[in-house]
Amino acid sequence: MSAAPPDEVAPADPAEVPAEEPVAQAGGAIPRAVAVVGFLAAAVVVAAGIAAAAWLVTPVFLGLVIVVMVYPLHARMLRAGWPGWLAVTVLVIAVYAVVLVFAGVVVLSLARLATALPGYVGEANALLRSLLSVLAELGVGAEELRVLASAMDAGKLVGIVGGVLQGITSLAANLVFLLSLLLFLGIEATGARARLQVIAASRPGVAAALVDFAGGTRRFLAVTTVIGLVTGAVDTVFLWGVGVPLAPLWGLLVFVTNYIPYVGFWIGAIPPVLLALLVGGWGTALLVVAVFLVVNFVLTSVVQPKFVGDAVGLSVSVTLVALVFWAWLLGPLGAVLAVPLTLLVKVLLVDADPRARWADALVGTTPRPISPGSG
């Protein structure tokens, strides 16, 4: 019996063949599916933590945004040759002025609203009675009308406003914390340039992303503030001209809600339309609706998104989804801070990581070309 050629090896027993080792990912990388699931799980945990600490996260981020907004004032003073201590003092005073003026206007407006609303309870009840009579003529049952009438009692509105005013005490406590936080943030912001230089030495992408966040936030605030001032002023003059009470308050409301993308217009339009209905009837209310649609809708829902998108690099769809998400997570103030919060997440997770630059094509306004090996 001839032996097998030396260059041929007889097949081994399958039971003796060791199991094949799994092929490792290149460079020990985690499989993409595992990475995606892990990222989503971590995002849920982080979101739950942020929601639990919303009482702390919201004022801290609000203070950061305010300091970022006024920080260029400090840099200009230093370039003009001002002493460092004087520049810091002026920066802190500017930060305090922004917060105190805004808080004072809001509190005074709420107080004025609380004193004025009781005078319109009679008109509101008369309007509700007329609406109920129309519903009765349309065949709505008496029991349903009684339930509806009790639910729409205009006197409850005064109680709601009173509850809002009683909450000013807790607002004052939060304001004290915010002012204290702003003091330290304003002082430490003077060393931001040196800190960024240290970060850039080892993490240039992170430093560039933080600079982009500060610049994008200032551009967003500048565009939103200008458009808000224009729309608020136009609405105030118009409402005063047609005889709607508290016209400056509604102009202020339009200005504040303008910081809420896309839906802020509707929030700011509801109170003056209702008051116009009580004071001047359906004709005045429809006129207010028409003017608000022309002025506010065009400026805040057509013009502003274009400039805001170009300023911060976020698409319209991403901004709208982010608005709902941050409002759900942090409450009403989360809706106001939705764009800066989303911009911070974008620059840290996408712009600062070359491997994640591909995601900019999904969340940004204009896709930027990336190198083939960056994704």
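T190 sits in the loop that joins α7 (168–189) to α8 (192–202), in what is a predicted model. With a relative accessible area of 29%, T190 is partly exposed, since that value falls between the 20% and 50% limits. Once neighbours within four places in sequence are set aside, T190 is in contact with Y71, H74, V88 and L91. A further relation across the sequence is that of T190 to W85, 105 residues away along the chain, where the C-alpha to C-alpha distance is 9.9 Å.

**Overall composition**

The secondary structure consists of 15 helices and 0 strands, and 34% of the 375 residues count as buried. Among contacts with a sequence separation of 6 or more, 70% are accounted for by residues 24 or more positions apart. The protein exposes about 21800 Å², of which carbon and sulfur atoms supply 74%.

**The nonpolar cores**

Which residues touch the most other members of the largest nonpolar core? In this core of 28 residues, they are F61, F213, V312, W326, L330, L341 and V347. At least two residues of the core come from each of α2 (54–79), α9, α10 (247–257), α12 (316–330) and α14 (338–351), and α14 provides the largest share, with 6 residues. Taking L330 as an example, and leaving aside its neighbours within four places in sequence, its contacts are I50, A54, T58 and L341. Another core lies apart from this one and has 18 residues, including V244, L249, W250 and A269.

**Aromatic pairs**

The structure holds 4 aromatic pairs. One of them joins F61 and F213 in a tilted arrangement, with 6.3 Å from centre to centre and 45° between the planes. This pair links distant parts of the chain, F61 belonging to helix α2 and F213 to helix α9, 152 residues apart. F61 counts as buried at 8% relative accessibility, and F213 is likewise buried, its relative accessible area being 6%.

The rings of F325 and W326 have centres 5.1 Å apart and planes at 70°, so this pair is edge-to-face. Its two members fall into separate accessibility classes: F325 counts as partly exposed because its relative accessibility is 33%, whereas W326, at 8%, counts as buried. Ring pairs also connect F325, W326 and W328 into a cluster.

The table gathers the accessibility of residues discussed in this report.

| Residue | Relative accessible area | Class |
|---|---|---|
| T190 | 29% | partly exposed |
| F61 | 8% | buried |
| F213 | 6% | buried |
| F325 | 33% | partly exposed |
| W326 | 8% | buried |
| T257 | 6% | buried |
| I260 | 12% | buried |

Helix α9 has 38 residues and spans 55 Å from its first C-alpha to its last, close to the 56 Å expected at 1.5 Å a residue. After α9 comes G243, which has a positive phi near 85°. Further along, T257 is found in helix α10 and is buried, with a relative accessible area of 6%. Apart from neighbours within four places in sequence, T257 is in contact with G264, I267 and G268.

Not counting residues up to four places away in sequence, I260 touches I267, L323, A335 and V336. I260 and L323 are 63 residues apart along the chain, and their C-alpha atoms are separated by 7.6 Å.

**Confidence of the model**

The average pLDDT of the protein is 76, and 75% of the residues score at least 70. Where pLDDT is low, the predicted coordinates should not be read in detail.

How values were computed: Residues numbered from 1 in each chain as written. Predicted model: local features only at pLDDT ≥ 70, side-chain atom pairs only at ≥ 80, totals over all residues. Heavy atoms only, no water. Helix = DSSP H or I, 4+ residues; strand = E, 2+ residues; numbered from the N terminus. Buried < 20%, exposed > 50% of the residue type's maximum accessible area, 1.4 Å probe, protein only. Contact = heavy atoms within 4.5 Å. Areas by Shrake-Rupley, 256 points an atom, 1.4 Å probe, with all protein chains shown as cover. pLDDT = per-residue confidence, 0-100. Core = buried A, V, L, I, M, F, W, Y, C linked by side-chain atoms within 4.5 Å. Phe/Tyr/Trp six-rings, centres within 6.5 Å; stacked < 30°, edge-to-face > 60°. Expected span 1.5 Å × (residues − 1).
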